[in-house]
Amino acid sequence: MKIGVLLKQVPASDSRIKINGDQTGIVTDDIKWEINPYDEFALEAGIQLVEAKTASSLVLISLGGKDAEARIKDGIARGVKAKPEAIRLDDAAFVGSDPLGEARIIAAAVKKAGVVLLLTGKQTIDDDNGQVPAMVAELLDLPQVTFVENLEVSGDSLIAHRAMGSGQVDVVKSPVNAVVTCDKGMNSPRFASLPGIMKAKRAKIAVWSAADLGLEASSVGAGAAVVTEGAYRLPAERPSGKIIEGADAAAKVKELVRLLRDEAKVL
Amino acid sequence: MASGILVFSEHDGGKIKKTAFELIAKAVSLNMGPVSAVVVGNADTSALGSYGATTVYTVNGDAFSSYTTGSYTKALAAVIAKADPAVVLGAASALGKDLFPRLGARLGAGVVTEATELDNDGGLVAHRPVYAGKAMVTAKPLGLALVTVRPNSFGIPAAGSGSAEVVAVDAGVSAADSKVVIVESKKSDASVADLTEADRIVSGGRSIKSADQYDAIIRPLAASIGATPGASRAAVDAGYAPHSHQVGQTGKVVNPNLYVALGISGAIQHLAGMRTSKVIVAVNKDPDAPIFAHASYGLVDDLFDVAPLLQRELEAL
Ligand SMILES: Cc1cc2nc3c(=O)[nH]c(=O)nc-3n(C[C@H](O)[C@H](O)[C@H](O)COP(=O)(O)OP(=O)(O)OC[C@H]3O[C@@H](n4cnc5c(N)ncnc54)[C@H](O)[C@@H]3O)c2cc1C
């Protein structure tokens, strides 16, 4: 059984975000890039399944430009014992895809690569869409299990724990031929080892185009988008607050409660 | 031609969630044509009309006793085909965020995730946070729009006196429509609202120092005002609180009316998860802690002194 893991590079979670002049996106000059933190859980799960011989092989799939290769290599380095293949999906026709377009590209790659179980992060921390995995599942007519915090694979089925909100956790069983999105709590992602980093330097990353994937250029990219996004801006600043003074903790607490009740009216 | 707004109305064991009322009221105010609601599974739908829904579509059957992607996607697709709305709104909940993208791919529709503001500009315009709330973007779906909305974005107005016509839809869903089966459903603390939907949250940070102190200080303080307990990642990683309690960029994004942070420094990843809270209270003994720059009310003091006093004052209200 082959496991696929989707990797995306995103600005590091502590990045300060600035908007570019024409409001089409962010200023990327000073950005430090990392693997999307949720993808790290998917990657770790994939590596562990191969190490445990539950799965036979691992393929890392990333939709992105050449600048994403450093992140793919980071992924290869971490998974070095699982000897992952790596595929980057890149074509001028892909530019401007909305999540459905991205899902078409990724679904075609997942199929071509022969992936049985696709592991992804529950969302990326740049676009914060969390749409692509479920869309890939629908396009491939596969079951999806999202927001998974615990995953066990045995034979041709998997058991996953997914948080449903309001303190409810559903334990579900699915065929292993599925899309699973990973949440925090699933595992503790490893860092790359030095030998891993050395090996990853020489690793080959395949590049697949629209033609390689058998995709009509018109089915992806800006022209096929059913959602357009623009007018990036910084969020409204919070009005500055006040520090509550008082002789002692008790006096400050009394004043806080008074303000919450009478001024903010939230009690 | 497609027109109007259909609100996917979630319920909790038959009781419609308040996020549904919030979305129906907002849908009415957008003035984009008739507002209808869809309820999947057995629930008391009588209140939906009083917030402005004129039609309530219900889909019932054994397949809906608990949520599965396959059964709900088919049910929603059938209702959309019948109601022919221009826009479908739902809460950005664990369920909504699982369902809407699947439905979008099935119908070829544009999906917008976690909108925090909606406008009618001759068509639906949604505004939503990106980069974990460090930026905002405007999203315009072309054609059918499927939009999840962050709970508590608009508030709930008082109910009116309207009532809705109930239309039962047979979506032809059977157990075979879900390849995923629920083995077990564990409900831990049903009395406490989910963080993402909570109206009030009390969070503790690394400084709480142990799981015992988290349980002895943060939980009872939260309980005193019906708040949901939360935590920083440092507190979660140290094992003081479960993963499900983490607020922030790699935890829950929350939007309560009141967020109380005790002994939390205000790292950018934590702020990303709670910065849209209406009122933020920070208690920290370091006057230079970054959280104070974002707090509506700051209290420079030791949390171990403040928390019991605060609990007593709140219980006395
Ligand atoms: C990829 C990534 C993702 C992350 N995601 C998240 C996330 O989702 N959520 C999150 O919270 N963090 C996240 N972080 C971690 C974040 O960077 C911070 O490390 C974390 O938020 C710090 O938690 P803290 O404020 O509890 O601890 P600290 O930063 O250690 O702060 C403790 C605070 O408590 C105060 N204090 C100590 N004792 C007392 C006392 N007795 N009374 C009052 N105040 C006291 C101190 O003055 C200090 O300000 C992430 C980091 C990375 C790299």
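**Helix packing and strand pairing**

Mentor: In helix 2 of chain A, Lys73(A), Ile76(A) and Ala77(A) are in contact with Gly196(A), Ile197(A), Ala200(A) and Lys201(A) of helix 5 of chain A. Please bear in mind that this is a predicted model.

Trainee: How are two packed helices described?

Mentor: One gives the angle between their axes and the distance between those axes. Here, the axes of helix 2 (residues 69–78) and helix 5 (residues 194–202) of chain A come within 8 Å and cross at roughly 130°. Helix 2 of chain A is therefore oblique to helix 5 of chain A, since an angle must be over 145 degrees to count as roughly antiparallel.

Trainee: Is the crossing of helix 2 of chain A past helix 5 of chain A left-handed or right-handed?

Mentor: Helix 2 of chain A makes a right-handed crossing with helix 5 of chain A.

Trainee: To which other strand is strand 5 of chain A joined by three bridges?

Mentor: That partner is strand 11 (residues 206–208) of chain A, and the two run parallel. Trp208(A) in strand 11 of chain A stands opposite Leu89(A).

Trainee: How many residues of strand 5 of chain A are buried?

Mentor: In a regular strand, side chains alternate between the two faces of the sheet. Strand 5 of chain A (residues 85–89) is mostly covered, with four of its five residues buried.

Trainee: Let us turn to chain B. In what order do the seven strands of its open sheet lie?

Mentor: The order is 7-11-6-1-4-5-12, with parallel pairing. Strand 7 (110–115) and strand 12 (165–168) of chain B are the edge strands, each pairing on one side only. Direction ignored, neighbouring strands of this sheet are turned by 20° against each other on average.

Trainee: Which helix of chain B packs on this sheet?

Mentor: Helix 1 (residues 18–30) of chain B does, touching strand 1 (5–8), strand 4 (35–40), strand 6 and strand 11 of chain B. The direction of helix 1 makes about 170° with that of strand 1 of chain B.

Trainee: How many bridges join strand 6 of chain B to strand 11 of chain B?

Mentor: Five bridges link strand 6 (residues 87–91) to strand 11 (residues 145–149) of chain B, and these strands run parallel. Thr148(B) in strand 11 of chain B is the bridge partner of Gly90(B).

Notes:
Residues are numbered from 1 along each chain as its sequence is written. Chains are lettered from A and ligands numbered from 1 in the order in which they are written. This is a predicted model: local features need pLDDT of at least 70, side-chain atom pairs count only at pLDDT 80 or more; totals for chains, interfaces and linings use all residues. Side-chain values use heavy atoms; hydrogens and water are left out. Buried means under 20% relative accessible area, exposed over 50%, partly exposed in between (1.4 Å probe, protein chains only). Two strands pair if DSSP finds at least two bridges between them. Axes are lines fitted to C-alpha atoms, for helices over the stretch in contact, and angles run from 0 to 180 degrees between N-to-C directions. Angles under 35 degrees count as roughly parallel, over 145 as roughly antiparallel, 65 to 115 as roughly perpendicular and the rest as oblique. A crossing is left-handed if the near helix is turned anticlockwise from the far one by less than a right angle, and right-handed if clockwise. Contact means heavy atoms within 4.5 Å.
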